[in-house]
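Biologist: Please take a close look at a single part of this model. I will name the part once the structure is up.

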Amino acid sequence: MNKKIRFPRELCYALGLIIMPLAIALMTKADLGLSMIAAPTYIISERVSFLTYGQTEYFFQAFVLALMCLAVKKFRLSYLTSFLTALIYGTVLDFFIWCLSGFPVEAIWLRIVLFITGMILTSLGVALFINTYLAPCAYDYFVRTVVEERKLNLRKFKLGFDFCFLVLSVSLTLILFHRFVGVTAGTLVIALCNGHIIAFFNKLINNRFELYNKFPKLAEKF
């Protein structure tokens, strides 16, 4: 039996903060649809000209964190680390979108390749965030915190959370554009496939790596 490779959870967090924005930037470039979680901020940023996609994430995730505090009826300083994650995530997202802006992507085969690559990388990013104690983006943090504090069923609550974002995405695109922007058939593909791909990467990470806390005292605060 192969010996597992020791891998710090903090590095999972750092890699997730690079891989997730890259994945979203690739799918945005492909223009074949975004996940129901990523779509609302993209739709808003396409209508509000003075906000970039990444900047819209700052404000929207702050709103989600405020809702989380209301839902659990408490506030902890550690919750603010999720907003710090949002700031880093949004900045890196804008950087990757800027890097890709100079590359024309017209051929449908290339758009499909970018979309599939982005979808796979998104799942890898989520799996990395699952395996770190540091606060992920507000969306995942909202689900994790509310489920833990309210003793809810994770699967049912996540399904409800995703459905709310789907309704929000569809409502925003129809109200702001009167057509579908960011929400297409690709959104359905992501919804059907992401859970399975995330599970695959999560199993792979735990089978191949021995995860440990490089900074155990920091981990205790989370």
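Which residues line the largest cavity?

Modeller: First, the ground rules. This is a predicted model, with local features needing pLDDT of at least 70, side-chain atom pairs counting only at pLDDT 80 or more, and totals for chains, interfaces and linings using all residues. Residues are numbered from 1 along each chain as its sequence is written, and side-chain values use heavy atoms, with hydrogens and water left out.

Now the lining: M27, T28, D31, L32, G33, L34, Y42 and G182. A lining residue has an atom within 4 Å of a cavity point; a cavity is a set of points on a 1 Å grid, over the protein atoms alone, where a 1.4 Å probe fits but cannot get out. The structure holds 1 cavity of 30 Å³ or more.

Next, helix α1, residues 9-30. Helices here are DSSP runs (H or I, at least four residues), numbered from the N terminus. α1 has 22 residues and reaches 31 Å from first C-alpha to last, close to the 32 Å expected. That expected span is 1.5 Å times one less than the number of residues. D31 follows α1 and has a positive phi, near 55°. D31 is also one of the residues lining the cavity.

Key: On a 1 Å grid over the protein atoms alone, a cavity is a set of points where a 1.4 Å probe fits but cannot get out, and a pocket is an open set with protein on both sides within 12 Å along at least five of seven lines; lining residues have an atom within 4 Å of a point. Grid points are joined across faces, edges and corners, and a volume is the space filled by probe spheres set on the points. Helices (H or I, at least four residues) and strands (E, at least two) are DSSP runs, numbered from the N terminus.
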